[in-house]
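Subject: Structure handover

Hi,

Here is the structure I promised you. Please open it alongside this note; my findings follow below.

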Amino acid sequence: MYYTKHATLTDNTLTTILTIPNGYVVYINYVYVANHGGSTNSVDLKWTNSSDVDQMYLLDGTSINSGSREILGGQSEAPIFVLHNGDIVKAQASQASGNVEVSLTFKLVEQSQAFSNFNGS
């Protein structure tokens with residue numbers, strides 16, 4: 001089943017958008033970031049683990065003009081990112097005031113059994 005998680009950034013606080021629950025995997029298919037504020041805003045969207053160690057920036061200081069948007073994915077059902085239990089997606093705008101929307105569309109599936117190793121030993 002697909003879900004969409006949304007948050008509005010009204011200041012420059014690092015905000016958790018999504019935390020992957022234990023026993024699940026998330027296939028992110030679509031990322032939508034829109035700047036409804038009156039001036040240009042830079043946005044970070046990052047994937048961290050439960051220890052708050054950065055894994056990767058999905059958007060890294062991406063400048064979004066007023067009234068503009070940034071889109072990742074959405075061309076097919078294929079995921080653009082796969083996150084596992086305990087992973088977290090966080091967003092932060094550069095402006096202390098503003099109106100930036102962040103939405104993630106994803107498929108939440110139960111984590112399947114996995115090998116503890118792949119070399120047959």
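Asparagine 29 sits in strand 3. Please keep in mind that the model is predicted. Is asparagine 29 buried or exposed? The residue is buried, because its relative accessibility is 6% and the cut-off for buried is under 20%. Its side chain reaches the backbone oxygen of glutamate 77 at 2.5 Å.

Strand 3 and its partner

Strand 3 pairs with strand 9 in the antiparallel sense, over 11 bridges. As background, strands of a sheet pair through backbone hydrogen bonds, in either a parallel or an antiparallel way.

Glutamate 101 and two histidines

Glutamate 101 is in strand 9 too. It is partly exposed, because its relative accessibility is 22%. Which side chains does glutamate 101 meet in polar contacts? One is histidine 6, at 2.8 Å. Another is histidine 36, at 2.4 Å. Glutamate 101 and histidine 36 are 65 residues apart in sequence, yet their C-alpha atoms are 7.6 Å apart in space. Not counting residues up to four places away in sequence, glutamate 101 touches His6, Ala7, Thr8, Tyr32, Val33, Ala34 and His36.

Aromatic pairs

A search of the whole structure turned up two aromatic pairs. One of them joins tyrosine 30 and tyrosine 32. How are the rings of tyrosine 30 and tyrosine 32 arranged? They are stacked, with 6.5 Å from centre to centre and 20° between the planes. The angle counts as stacked because the planes are under 30 degrees apart. Both tyrosines are partly exposed: tyrosine 30 has a relative accessibility of 26%, and tyrosine 32 has 25%.

Now to another part of the chain. Four strands make an open sheet in the order 2-8-4-5, with antiparallel pairing. Which strands stand at the edges? They are strand 2 (15-19) and strand 5 (54-64). Each has a single partner strand, so one side of each is left without a neighbour in the sheet. From one strand to the next, the twist averages 15°.

Strand 4 (residues 41-48) pairs with strand 5 over seven bridges, in the antiparallel sense. Threonine 48 stands opposite aspartate 54 of strand 5. Lysine 46 also belongs to strand 4. This lysine is buried, because its relative accessible area is 12%, below the 20% cut-off. Leaving aside neighbours within four places in sequence, lysine 46 is in contact with Leu14, Asp54, Met56, Tyr57, Leu58, Ile88, Val89 and Lys90.

The nonpolar core

The largest nonpolar core has 25 residues. Which of them touch the most other members? They are Ile28, Val33, Leu45, Val89, Val102 and Leu104. The elements that give two or more residues to this core are strand 1 (2-9), strand 2, strand 3 (24-35), strand 4, strand 5, strand 7 (81-84), strand 8 (88-93) and strand 9 (100-110). In soluble globular proteins, nonpolar side chains tend to be buried together.

Take leucine 104 from that set. Its contacts, with neighbours within four places in sequence left aside, are Tyr3, Thr4, Lys5, Ile17, Leu18, Tyr30, Val31, Leu45 and Val89. Of these, Leu45 and Val89 are also among the core residues with the most partners.

The whole chain

How many helices and strands does the protein chain have? There are zero helices and nine strands. The C-alpha trace spans about 60 × 30 × 20 Å along its principal axes. Buried residues make up 34% of the 121 residues. Among contacts between residues at least 6 apart in sequence, 81% join residues at least 24 apart.

Best wishes

Methods. Residues are numbered from 1 along each chain as its sequence is written. This is a predicted model: local features need pLDDT of at least 70, side-chain atom pairs count only at pLDDT 80 or more; totals for chains, interfaces and linings use all residues. Side-chain values use heavy atoms; hydrogens and water are left out. Two strands pair if DSSP finds at least two bridges between them. Axes are lines fitted to C-alpha atoms, for helices over the stretch in contact, and angles run from 0 to 180 degrees between N-to-C directions. Rings of Phe, Tyr and Trp (its six-membered ring) pair if their centres lie within 6.5 Å; planes under 30 degrees apart count as stacked, over 60 as edge-to-face and the rest as tilted. Buried means under 20% relative accessible area, exposed over 50%, partly exposed in between (1.4 Å probe, protein chains only). Contact means heavy atoms within 4.5 Å. A nonpolar core is a set of buried Ala, Val, Leu, Ile, Met, Phe, Trp, Tyr and Cys residues joined through side-chain atoms within 4.5 Å. A polar contact is a pair of N or O atoms within 3.5 Å; within protein, one must be able to donate a hydrogen and the other to accept it, and residues adjacent in sequence count only if both atoms are side-chain atoms.
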